[in-house]
Amino acid sequence: MGKIVKYLTIDLMKNWVMIVFTALLFLATLGFFALEGQNEKAVIGLLNLSLLLVPMLSLIFSITYYYNMYDFLLLILAQPIKRKKSIFSLYLSLLIVFSLSITIGLGLPLVLFNPFSTSYLLLLCILLLSAVFIAIALWAAVYTNDKSKGIGLSLLLWVYFVLLFDGILLLGMYNFAEYPIEKYVLFFTFLNPVDLSRIMVLMQTQTAALMGYSGAIFKQFFTTQQGLSIAVLLLVSWVVVPLMFAFNKFKKKDL
Amino acid sequence: MGQVETKKNAEALSMIKFQTLLLLFCLQFGALFSKSRTVESSSVRNLQSVFDEAESGDTLLLKGLFKVSLLKVNKPLFIIGKDAEFVSKDGDEILVIASDSVLVKNIVFKDVEASFLKDRAAIRLLEVQQVQVDNNQFINTFFGVYVQNSSNCIISNNTLQGKAGDEVHAGNAIHIWKAERIEVINNVAEGHRDGIYFEFVNQSFISGNISKNNMRYGLHFMFSNYDIYENNQFENNGSGVAVMFSKHIRMLNNTFKENWGGASYGILLKEISDGVMKHNRFELNTVGVYAEGANRIQIDSNVFVRNGKALDIKGNCMDNKILNNNFLGNTFEVLTNSKGNLNFFEGNYWGQYSGYDLNKDGVGDVPHRPVNLFALITDKIPAASMLLHSPLVHGLDMAERIFPQLIPEQLIDKKPQMKPLNL
């Protein structure tokens, strides 16, 4: 398994998309800090950018890579290697390369310019988020047989997590505005890793004061050690659950 | 009507200036004819008797540490310290001034204890006129200077340092209740409940003060008309500055800074009318200006920088003019809770303006709608604030500005500036 991961990782690192992605993140981070006089605003701007960009790229790139590597996977499976191991090494190498790219592109300038806990939390959230969306991509890839369907599904998922979910939630809140819905809203954020990471980071910044009463409730949850650990655990479970589905399907799939 | 009021305002100002000159003149002139006496703490057992035996207009030069309380000044005296320190003997008030024309200068006041029965103050001005409290230091004195039913007094160059831990055990640094023509100039107030407190104070002048790190308000202003405050700095107070139930207030060149928190604002304008706010700077406040029932106020040439909400102007505000201000880097520029608009916005620079200027006259060709849809939504549904900075919200906001449905259609700036105004 180690060898497969090694070769895949080296292959991925040579991929120009990853290099461009790293460079883009790096330049964007530098740009935000250069243009925004206030570090906190830069962090919020970066949060916005990476919450859009990282899920999208993780999804589309991973799913494309899966299809491109399909023949390689078949070749590997011809060897006495377990199916679960082979797909796990694919996941792992994607994760390693994305993590590296995010750490260099986003993390390095972030920690240099703003070496505070908010930056570290932002980095952690984005890393976890890419892990989540690579897992979701693999699941989508395993479930669909042809490439165009897979990419279509991944785009749909991206739209759902980034836009649709918020829209549905807003509609729901509009209809139940008369009720004390803060705690339920908190629960609903757990159902979307993008929202969860956004709120987690926002709550560490001064922006929290803008949110009034409900902000106070979120803050109460997300600034305690316990709340933060629960949130991180939830993000981790967002990695594990789709991955389990993907593995199970891959095990039984007629390749 | 407006003109009459302006004239009245101007008259009030010149009145204040005249009174001040007169007061200063009297104080200086009086000093020429009176006796001067040095009082050392080591040689005096009872300071009260020294005060009682002195003649009107005498100058007492005090030296050393005095442990006193409820010291009463019954006649015009010049009490000047030379390294003098007044420490409250039993935690009660230190100096009670019950006579006109008194000067208290260069003295350090210390350790007045908090009380729940009485508003104890280091210096109390009790129904007097022409008193000046100048260049003193107040350390841990519950209430610093307490002016009660007095007129034509000056409180200047004092430093007031409170050690209040919470709002309940704290007094106000400069507390003025029922007074006329008072000048509060160049004081520094810190660590009290309210930095400067005005109640029923007319035709007064607050200038050059620094009020910071107070529990509640930097400046608390109620039922006070025809006052002017300028060049003050209000920083990091519990809830900023409150100006309430007052008329004809002029607020010029003040700085409101770093009042950040769930219930904080730079300045609260509640039930006030016919005021002028010019050349003020609002920086890093949760809400820059919070206006409720404010009428006919001219908000002109101010700078709003990096506030959460720059201007929260409620539906019961009427005929306010918001002109030529700079709004830079605020999360929300204007917030209101009404679909209509009874105020007038023009010629401001808005950081969030995205229009163009084809004829290059410096004024944007498309009007700007400063109200943010999301600010309105969260105002109605607080729980929706969890979607702050969500891409969906940004999208909705953009669409709403182009085709307004929910945001007040008339709340527009028809002449948005393309570049920040030079303020």
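This is a predicted model: local features need pLDDT of at least 70, side-chain atom pairs count only at pLDDT 80 or more; totals for chains, interfaces and linings use all residues.
Okay, confidence first. The model as a whole comes in at ipTM 0.82 and pTM 0.81. For chain B, the mean pLDDT is 89, with 92% of the residues reaching 70 or more.

Let's stay with chain B for a minute. What is it built from? We get 4 helices and 34 strands.

Which of its residues are buried?

B:Arg181 has a phi near 50°, which is positive, and the residue is something other than glycine. Where is it? B:Arg181 sits in strand E12, residues 174-185 of chain B. Is B:Arg181 buried or exposed? It's buried, because 24 other C-beta atoms lie within 10 Å, and the cut-off for buried is 20 or more.

The other one is B:Asn253, also not a glycine, with a positive phi of about 55°. This residue is in a loop, the one between strand E21 (250-252) and strand E22 (255-257) of chain B. B:Asn253 has 17 other C-beta atoms within 10 Å, so it comes out as partly exposed.

Start with helix H2, residues 16-35, and helix H5, residues 83-113, both in chain A. Their axes come within 9 Å and cross at roughly 15°. So H2(A) and H5(A) are roughly parallel to each other, since angles under 35 degrees count that way. The crossing of H2(A) past H5(A) is right-handed. Who makes the contact? From H2(A), the residues include A:Phe21, A:Leu25, A:Phe26 and A:Phe33, and from H5(A) they include A:Val97, A:Ile104, A:Pro109 and A:Phe113. Sorted by type, the residues of that contact are 13 nonpolar, 4 polar and no charged.

While we're on helices, a quick reminder. An α-helix has 3.6 residues a turn, so residues three or four places apart point the same way. Keep that in your head when you look at the next pair.

That pair is helix H6, residues 117-143 of chain A, packing against H9(A). Here the angle is about 175°, with the axes 9 Å apart. That makes H6(A) roughly antiparallel to H9(A). On the H6(A) side you have A:Thr118, A:Leu121, A:Leu122, A:Cys125, A:Leu129 and A:Val132. They meet A:Pro193, A:Val194, A:Ser197, A:Met200 and A:Val201 in H9(A). By type, the contact of H6(A) with H9(A) splits into 9 nonpolar, 2 polar and no charged.

So where do the two chains meet? 31 residues of chain A are in contact with 21 residues of chain B. On the chain A side, these helices each supply at least two residues: H3 (39-68), H7 (147-175), H8 (182-189), H9 (193-202) and H10 (212-222). The largest share, 7 residues, comes from H7(A). The side of chain A that touches chain B divides into 18 nonpolar, 9 polar and 4 charged.

Last stop, two individual residues in chain A. A:Tyr174 is in helix H7 of chain A. It counts as exposed, because it has 12 C-beta neighbours inside 10 Å. From A:Tyr174 to A:Leu123 is 51 residues along the chain, and their C-alpha atoms are 33 Å apart.

Then there's A:Phe221, in helix H10 of chain A. With 19 C-beta neighbours inside 10 Å, A:Phe221 is partly exposed, and buried would take 20 or more. What does A:Phe221 touch, leaving out residues up to four places away in sequence? That would be A:Leu186 and A:Gly227. By contrast, A:Asp146 is 75 residues from A:Phe221 in sequence and 43 Å from it, C-alpha to C-alpha.

That's my tour, thanks.

Methods
Residues are numbered from 1 along each chain as its sequence is written. Chains are lettered from A and ligands numbered from 1 in the order in which they are written. pLDDT is the predictor's confidence in each residue, from 0 to 100. Two residues are in contact if their C-beta atoms, placed from the backbone, lie within 7 Å. Ala, Val, Leu, Ile, Met, Phe, Trp, Tyr, Cys and Pro count as nonpolar, Asp, Glu, Lys and Arg as charged, and the others, Gly among them, as polar. Axes are lines fitted to C-alpha atoms, for helices over the stretch in contact, and angles run from 0 to 180 degrees between N-to-C directions. Angles under 35 degrees count as roughly parallel, over 145 as roughly antiparallel, 65 to 115 as roughly perpendicular and the rest as oblique. A crossing is left-handed if the near helix is turned anticlockwise from the far one by less than a right angle, and right-handed if clockwise.
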